[in-house]
Amino acid sequence: MFGFLKKKKEVSKNELKAFVTGKAITIEEVADGVFSEKILGDGMAIWPEEGKLYAPADGKVVTVMEDSKHAVGLELAGGIQILLHVGIDTVEMNGKGFTYHISEGQDVKMGDLLIEFDREVIQTEGCKDVVVMVVVENNNECALEMNTGCAVTAKDSVILSY
């Protein structure tokens, strides 16, 4: 009868928290063609202030790089899969300066420590230590809203919602 009195159905949004503390930038600002040209997918990056990479949301570890330990793939709610990639050209370091705290198939919670990385070692090897997040799979074609151009705090600041 009084349809206008019905409660509006709330649309639930999923949020990703900052995976490292630092300055959030657009993916186009990453000085690497594969990322900045979105060949792997859309995303964003953070120039880190410390060498700890955390899970930005609850999910499952679907990809690990056992030899290089510089990246991890996570499957999140809503059909989203992300790649978290530490540094540019760090695959060539063969794991030097990287420590995994996860394994493939493991369930993780937002804020769990995934990778520790030594920023000084990365820079000494001539690599950049920017940490990139790419949405490699967006099955439900969710609209992605990224927060960049600002300082972010790991496990606290919202960096992406969908």
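**Figure 1. Overall fold of the predicted model.** Helices (H or I, at least four residues) and strands (E, at least two) are DSSP runs numbered from the N terminus, and by this assignment the protein has two helices and 14 strands. The radius of gyration, taken over C-alpha atoms, is set against a globule rule of 2.2 Å times the number of residues to the power 0.38. For the protein it is 17 Å, close to the 15 Å that the rule gives for 162 residues, so the protein is as compact as a globular protein of that length. The C-alpha trace spans about 70 × 30 × 25 Å along its principal axes. This is a predicted model, in which local features need pLDDT of at least 70 and side-chain atom pairs count only at pLDDT 80 or more, while totals for chains, interfaces and linings use all residues. Residues are numbered from 1 along each chain as its sequence is written, and side-chain values use heavy atoms, with hydrogens and water left out.

**Figure 2. The largest nonpolar core.** A nonpolar core is a set of buried Ala, Val, Leu, Ile, Met, Phe, Trp, Tyr and Cys residues joined through side-chain atoms within 4.5 Å, where buried means under 20% relative accessible area with a 1.4 Å probe, protein chains only. Of the 36 residues in the largest such core, Phe19, Leu53 and Leu114 touch the most other members. Among the elements that give two or more residues to this core are β3 (42-48), β5 (59-64), β10 (113-117) and β11 (128-138), and β7 gives the most, with four residues. Apart from this core lies another, of nine residues, among them Val30, Phe35, Ala45 and Val132.

**Figure 3. Surroundings of Leu53.** With contact meaning heavy atoms within 4.5 Å, and leaving aside neighbours within four places in sequence, Leu53 is in contact with residues including Phe19, Val72, Leu84, Val86, Asp112, Leu114 and Val131.

**Figure 4. The loop that holds Asp32.** Asp32 has its place in the loop between β2 (22-26) and α1 (33-36). Neighbours within four places in sequence aside, Asp32 is in contact with Glu37 and Ile88. Asp89 is 57 residues from Asp32 in sequence, and their C-alpha atoms are 9.0 Å apart in space.

**Figure 5. The loop that holds Cys142.** Cys142 has its place in the loop between β11 and β12 (145-146). Once neighbours within four places in sequence are left aside, Cys142 is in contact with Gly78, Ile80 and Tyr162. Glu75 and Cys142 are 67 residues apart in sequence, with 14 Å between their C-alpha atoms.

Conventions. Buried means under 20% relative accessible area, exposed over 50%, partly exposed in between (1.4 Å probe, protein chains only).
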